[in-house]
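Me: I am new to this structure and would like to go through part of it step by step. Could you show it to me?

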Amino acid sequence: MARGLLIVFEGCDRSGKTTQSTRLVQALNGAGVAAKLLKFPDRTTAIGTMIDGYLQQKTRLSDQAIHLLFSANRWEAMDQMRADLESGTTLVVDRYAFSGVAFSAAKKMDPRWCRAPDVGLAMPDRVFFLDIHPDDAAKRAGFGGEIYERREMQIEVRAQFSSMMDKSWSVVDALQDADEIHGQILALANEALERHRADPAPIGRLWT
Ligand code: NYM
């Protein structure tokens, strides 16, 4: 049996990642494809609780310390993720190491330093980037509550994401109707699954 695919959603805050990643998993499961939804940060773990306190501005941490906690929060999930992928489950992940680099580098941290702790994570097979201008995102409900939800920061984050894109990324216009976005992403995901079934490749290692 072919391994599952690692599909990642990235984008600025309020770009619709949670909605679209949830819908993709539902559609894949509905079509008989084993798929599971994950989200980073995973705020349910001990490390995730520390991250949550920082994001909600209840606790303060140095830029380096919070960066490493975000990375540790991915590493603590990695054994299970690899096991799921190897057993044929496709993982759909709401944010991954690209968010780690984009948000920290937007604070003027060295991107090479930022990438280092995530080197060797499972490599995403596909990345869907939900693209929205921060001015449009700011009009959406819920924007502005957490530490990075400021216009200037989001503009810089978007630029950082752009600098990381390669051929495994698809940029999707996040201002479109949610059904339209879902249709485009589902078609791209199905294409990736078909290609993988025809020509399976082992799980890659990120940034190696
Ligand atoms: N974030 C997320 C980071 O700064 N680094 C990371 O590695 C990850 C995964 O956390 N503003 C930031 C991006 C968001 C915030 O994410 C919380 P969400 O998807 O709103 O729960």
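Predicted model: local features only at pLDDT ≥ 70, side-chain atom pairs only at ≥ 80, totals over all residues.

Me: How many residues of helix α4 are buried?

Reply: Helix α4 covers residues 97-105 and is mostly covered. Its buried residues include Ala 97, Gly 100 and Ala 105. The count of buried residues in α4 is nine of nine.

Me: Against which elements do the buried residues of α4 pack?

Reply: Both strands and helices are among the partners of these buried residues. The strands are β1 (6-11) and β4 (126-131). The helices are α3 (63-86), α5 (111-115) and α7 (151-164).

Me: Which element gives the most to the shell around the ligand?

Reply: The ligand is surrounded by residues including Asp 13, Arg 95, Ser 99, Gly 100, Phe 103 and Glu 146. By class, this shell has six nonpolar, two polar and three charged residues. Ser 99, Gly 100 and Phe 103 are also among the buried residues of α4. With three residues, the element that gives the most is α4.

Me: Why is Met 109 classed as partly exposed?

Reply: Met 109 lies in the loop between α4 and α5. A buried residue needs 20 or more other C-beta atoms within 10 Å, and an exposed one has 12 or fewer. Met 109 is partly exposed because its number of other C-beta atoms within 10 Å is 15.

Me: How far apart in space are Met 109 and His 67?

Reply: Leaving aside neighbours within four places in sequence, Met 109 is in contact with Asp 63, His 67, Ser 104 and Cys 114. Met 109 and His 67 are 42 residues apart in sequence. From C-alpha to C-alpha, their separation in space is 9.9 Å.

Technical notes: Residues numbered from 1 in each chain as written. Helix = DSSP H or I, 4+ residues; strand = E, 2+ residues; numbered from the N terminus. Contact = placed C-beta atoms within 7 Å. Near = placed C-beta within 6 Å. Nonpolar A, V, L, I, M, F, W, Y, C, P; charged D, E, K, R; others polar.
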